[in-house]
Amino acid sequence: MRRRDLILGIIFLSLGFLLYQSASNQNNEIEEFIIIELDAGNLIKQMYCVVMIDNQCEVRDVEYGGILIDDLDEMIDRMDNTKAMSRVSFVIGIFLALFSIKKELLKVKNYLWD
């Protein structure tokens, strides 16, 4: 077993988990920001129908506009970047962990097939 690769894999998996938690917290902050700024009148919620079925709007699309839309877009971009880094960190961690135990997995496979 390659101990260094396993340790790096665990570190990357932990980093991915922490980044995922950070993205979740950022999502909560965005939701709170939207509620507060809608009440203050700095954001405007625009809803329109995408599909009309029997004269009723079945699917609504929501867009925001107003004074603070640039701030909202920046917050959403930061959250998306954090999610992307989290995914990359998870993939690297899984790859390193599997690479470090590759020999042991091959031994188990050979044992099971023989």
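**Salt bridges and the nonpolar core**

Author: A salt bridge is a side-chain nitrogen of Lys or Arg within 4 Å of a carboxyl oxygen of Asp or Glu, and by this rule the count comes to two salt bridges. This is a predicted model, in which local features need pLDDT of at least 70 and side-chain atom pairs count only at pLDDT 80 or more, while totals for chains, interfaces and linings use all residues. Residues are numbered from 1 along each chain as its sequence is written, and side-chain values use heavy atoms, with hydrogens and water left out.

Reader: Is Asp 5, the partner of Arg 4, buried or exposed?

Author: Buried means under 20% relative accessible area, exposed over 50%, and partly exposed in between (1.4 Å probe, protein chains only). Asp 5 is buried at 7%, whereas Arg 4 is exposed at 61%. Their closest N and O atoms are 3.9 Å apart.

Reader: Where do Glu 74 and Arg 78 lie?

Author: Helices are DSSP runs (H or I, at least four residues), numbered from the N terminus. Both residues lie in helix α2 (residues 69-100), four residues apart, about one turn of the helix. Glu 74 is partly exposed at 45%, as is Arg 78 at 44%.

Reader: How many residues has the largest nonpolar core?

Author: A nonpolar core is a set of buried Ala, Val, Leu, Ile, Met, Phe, Trp, Tyr and Cys residues joined through side-chain atoms within 4.5 Å. The largest has nine residues, among them Ala 23, Phe 33 and Met 79. Helices α1 (3-40) and α2 each give two or more residues to this core, and α1 gives the most, with four.
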